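Biologist: I've got this one open on my screen and would like to talk it through. Can you walk me around it?

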Amino acid sequence: SKCGMDLVKKEETSSLPSSSMPALQPDHAAMSNVPGLASVSIEQNRLQLIGLRTATAREMAIGSSLPITGYVGANEKTLSAVSLRSSGWGNKLYVNETGQQIQKGAPLVQLYSPEIAQAWREYESARHPSQESSVDPQLAAVRADMLATAKARLSQLGLSDDDLSASSFDEASSTIILRSPSAGTVIEKNVVEGQYSSSSEPLFVIADLSTVWVVADIYESDLA
């Protein structure tokens, strides 16, 4: 240079000393507990250098009012579905429209199902002899096994103990009355009188609407 000084090129370096750069170390124990996620550990002095703050996730009230748009839906914890586990015809409907309020055990539909009718007859044939006293323990054990097998068959077809005790089967028409498993409001009805139904979809969906959910999308920036 003109002033007699030599110019020396200097490489740009980070403003932080190398010892201050945060080192992220995976927590392999946490990785094994949560598939797809990994935890890291950072020393306290390095947290201050990079300005990282953490907090425990918790429910809290938003400081100010926030207008949002959402929709009201049923509480999923209260939903009950009434489905068939065999094919059949709906001879008579006791619930004719969605929105109808019903009590637990209320009749929903009178159904004719050849498979259920045959299983019910086998249950009745096994139930009456089992109620008779027998001095032969082996005979009593055989009758008890036959009754348990017939009852298990009805259970596999979707009939509960309440259905059995309520005499839901009509011998004359070979039909079964399906009853509501819970009290609430019918929010789905997928059967009409005379319709043939299979086990592919529920006949009724019942919800307790005493509590409902409001589902809305909120941007993270709106919650800051």
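Modeller: Helices (H or I, at least four residues) and strands (E, at least two) are DSSP runs, numbered from the N terminus. This is a predicted model, so local features need pLDDT of at least 70 and side-chain atom pairs count only at pLDDT 80 or more, while totals for chains, interfaces and linings use all residues. Residues are numbered from 1 along each chain as its sequence is written, and side-chain values use heavy atoms, with hydrogens and water left out.

Biologist: Which residue is the bridge partner of Lys-189 in β12?

Modeller: Start with the sheet: 4 strands make an open, antiparallel sheet in the order β4-β12-β10-β6. Strand β10 covers residues 184-189 and is joined to β12 by 4 bridges. On the β12 side, the bridge partner of Lys-189 is Phe-204.

Biologist: And which strands are the edge strands?

Modeller: An edge strand here pairs on one side only.

Biologist: Is Arg-46 buried or exposed?

Modeller: Buried means under 20% relative accessible area, exposed over 50%, and partly exposed in between (1.4 Å probe, protein chains only). Arg-46 has 15% relative accessibility, so Arg-46 counts as buried.

Biologist: How far apart are the N and O atoms in the salt bridge of Arg-153 and Glu-115?

Modeller: A salt bridge is a side-chain nitrogen of Lys or Arg within 4 Å of a carboxyl oxygen of Asp or Glu. The structure holds 2 of them; in one, Arg-46 joins Glu-43 with the closest N and O atoms 3.9 Å apart. For Arg-153 and Glu-115, the N to O value is 2.5 Å.

Biologist: Which helices does that pair link?

Modeller: Both ends count as partly exposed, because Arg-153 has 30% relative accessibility and Glu-115 has a relative accessible area of 35%. The two residues are 38 residues apart, in distant parts of the chain. Arg-153 lies in helix α4 and Glu-115 in helix α3.

Methods:
Pairing = 2+ DSSP bridges.
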